[in-house]
Structure formats: structure tokens, C-alpha cells
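This briefing covers a ligand site and a helix pair. Please look over the sequence and the structure first.

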Amino acid sequence: MNTNCYPKGLESIQTPFYYYNTDLLRTTLACIKSFEEAYDGFSVHYAIKANANPKLLKIIQEYGLGVDCVSGGEIQASIDAGFAPSKIVYAGVGKSDWEIELGLDHGILCFNVESIPELEVINQIASEKGKQANVCLRINPEVGAHTHTNIATGRAEDKFGISMEDMEKVIQLTQSMSNIHFMGLHFHIGSQILEMADFEALCDRINELQDRLEKQQVKLEIINVGGGLGVDYTSPETNTMANFKDYFTTYHNRLQLREGQTLHFELGRAVVAQCGSLITKTLYVKEGNQQKFVIVDAGFTDLIRPALYQAHHKIVNISSTATETDVYDVVGPICESSDVFDTDVTLPTTKRGDLIAILSAGAYGETMASQYNCRPLAKGYTTEDFKN
Ligand code: LLP
């Protein structure tokens, strides 16, 4: 057992399961906080869609981050974890009435609104409740991002947000609505972005829009740039932290914040990806005609990213002491050809019973799990569960 990274006792737990290194999570949060505190007006929200495990939420909340939600369930999970409603922002193209009511009842900081019909419904529900809804408008900035097409969101053809062309018209509409308080603009260009040039392009676009609005005496209290900062899936053991320095510095240097404005970030992956591993057991090693398969007890029901986005997660054998290696396709037990974690993976010679860790699985792993094939959901354990 590689006990440098994994605690003793791991081998006796029913696989598959998620293991979260909370020491790494805390180091990551401390780093994020140091930038937030260094730059005036910066306010970081955690995109809870990345991982809503209550043990992690509690830690994230302790570090004082806000939270970015996209459903009533996420609002409830945030409140249960102790996040103050005044630190909750709520986005999403399709908010149901009960979800809007939940947000209003808790008095969340702001709704990130994506269309005129949604704005009308929020105004209507808020007026029935005799409340004011704080609103930012999500604008589609038509900025492409260098990432997988399924996780790019800010291009002209994407379903998210209000077009730049309609921006002034919708702002005017908010001002005519008695139960809407317009606060600012929201953007999000995509996820797993490693090129700072993409964030620079967003800054340039926001500067342009802000100049345009200022000429019309429209003032913004909040600018929300969404999330998107990527992590290193290839060398996660050496590169445990996302490039927060370049990310926050890019926004600090490039975005022209006005006096008193707050700049919101909504980081998900960069907060939790590297602290999580999916731990799975080798069931069989099968010799195919052309390749060898390591068949493990986790499948795409536990971690769907490789099947859905052709994502690569580093895979390591944490039991083996073998010095020889072999090349394997690492596959799950689900009755679908896409249930493959990776192909041509070099591992120490692997045998039945060896524990395999699939790294960088803390973001969009546990939250995207399903029960297809009537499989139970993998549980999540943290470093703290092994201390004593
Ligand atoms: N804000 C908004 C409005 C978003 O839609 C998202 C992610 C975030 C913030 C957080 O983005 P992050 O910092 O995590 O990149 N399941 C996919 C990722 C989907 C991201 C959806 N939106 C994956 O596993 O790669």
C-alpha cells in the first residue's frame, strides 16, 4: 500500500469509494483565500455542482467562501452545510417555480438570470411574496474557450445567457419591474480552461460592455466571471494545485473594476478536483487477443468523465509492490462499451485484489454518479475518517 498518499485502513473499506485528502483541500482553500484577501473587491464562490459531499462542504464553508448553486437541491445542501444565504448565488437556464421560491424565502444574495421569461417569473413570484429579488444578468460574451466542446458555454451557439445585443433592453426591463433589483452582470465561458488568454479575452469583453453601459449611466455593483480554471489531470501528484496565481492576477491586471464593485468568481473544479481519488478493486485481469484488461469494480456510474468527455484521469495501482510493469486497458463492469477508464495504461503488474486509485476525481465525480445497473452509489471518506 502506498501510504505516502493514502492512510492505513483504506484497504478494509468496501470498494468502490471516494477518498478525499482534506489536508490538500485545506491547503487549496488557504491559497484561494490569500488571493481573495490580497485583491480589493474579490469574492470567491464555490461551484457546489463540482462536489456536494457534506464533509467537504463543511470545510469549504469554514474558509468563508460563498457558494454558486444551480438548483433548489444545491441551495438546500448549501444551507444545510452552514453557508449564509447572503453568500449564495443561483444560476441556471431552467429555474423551476419552487426553486425560485426557495431562493427568495432564504433571501439569497442574487439570482443569475438567463432569459426574459425567467426574469418575468422571478418578478411575479417575488411580488406575490412581497419581496425584492436581487438579479444579475448572465450575458453570453461570445468568447470561445480552449476546452472540450461539451463544457464550453460562452459561444454564440450555446444555450446559456442573454445575448450582448439584448443586454441594454433586458437591463431596462429589470428597471421597470417593481420586485427586481438589478445588481450586475454574470458570465461563464466554460470549464477546464488552462489558457489564461481565454480569461483575458473575457476581461476585454467585460471592459467593453462596461464602457458601453457607463455611457448610458448604468452602474454595476457586481461583476461575476463564473469559474472555469482547469487542473492538471496528467501529473496531479506533482501539480496538486491549480494555477491560482496566474488566474487571479490575470483578472486583477486585466479587468477594469470600478470603485466599490465586487468581482465574483465561481470556482468548482479547481477547488476540489485534486483532493479526490476514486478507489476501486481489481476484480480480474483478463488477457484479450490484443490487449490485457484490468477489470475493476468501479464503473462509469461512479465516474462518468472518461465516457462523457473522453477525459483522462491518471490511474495508479496503490497495492502493488511489483517492479515489472505491463500495459492495460482499465475497464469497469457495466454493460456498455464506453465503460472504460483509460486504454494503454502502464501499471505495475496487476493482480486480482489490487487497489487502483483513479486520481483527480474530486470534481464532477461523486456528484455525477448514477445508479444505472442498480449499482449502489460509492460512499465518500476523508482523511479525518482515518484519524485515530
Ligand atoms: N459557474 C457556472 C455558471 C457554471 O456553469 C460552472 C460549471 C461553474 C461556475 C464552475 O466551473 P468550474 O470552475 O468547475 O470549471 N461536468 C463537467 C464540467 C461541467 C461544468 C458545468 N458548469 C466535467 O466533468 O468536466
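The notes below take the ligand site, then the helix pair.

This is a predicted model: local features need pLDDT of at least 70, side-chain atom pairs count only at pLDDT 80 or more, and totals for chains, interfaces and linings use all residues. Residues are numbered from 1 along each chain as its sequence is written, and side-chain values use heavy atoms, with hydrogens and water left out.

**Ligand shell**
- The ligand is surrounded by 18 residues, and S191, E266, R305, Y309 and Y364 are the closest (near means a heavy atom within 4 Å).
- By class, the shell holds six nonpolar, six polar and six charged residues.
- β10 (262–267) and α10 (305–309) each supply at least two residues of this shell.

- S191 has a polar side-chain atom 2.4 Å from an oxygen atom of the ligand.
- For R305, a side-chain N or O atom lies 2.6 Å from an oxygen atom of the ligand.
- G228 places a polar backbone atom 2.9 Å from an oxygen atom of the ligand.
- The ligand taken alone exposes 590 Å², of which the protein buries 92% (Shrake-Rupley method, 1.4 Å probe).

**Helix pair**
- Helices α3 (residues 72–80) and α4 (residues 97–106) pack at about 30°, with axes 9 Å apart.
- The two helices, α3 and α4, are therefore roughly parallel to each other (angles under 35 degrees count as such).
- G72, G73, I75, Q76 and I79 of α3 meet W98, E99, L102, G103 and H106 of α4 (contact means heavy atoms within 4.5 Å).
- Four nonpolar, five polar and one charged residue make up the contact of α3 with α4.

Key. Axes fitted to C-alpha atoms, helices over the stretch in contact; angles between N-to-C directions. Helix = DSSP H or I, 4+ residues; strand = E, 2+ residues; numbered from the N terminus. Parallel < 35°, antiparallel > 145°, perpendicular 65-115°, else oblique. Nonpolar A, V, L, I, M, F, W, Y, C, P; charged D, E, K, R; others polar. Polar contact = N/O pair within 3.5 Å; in protein donor to acceptor, adjacent residues only side chain to side chain.
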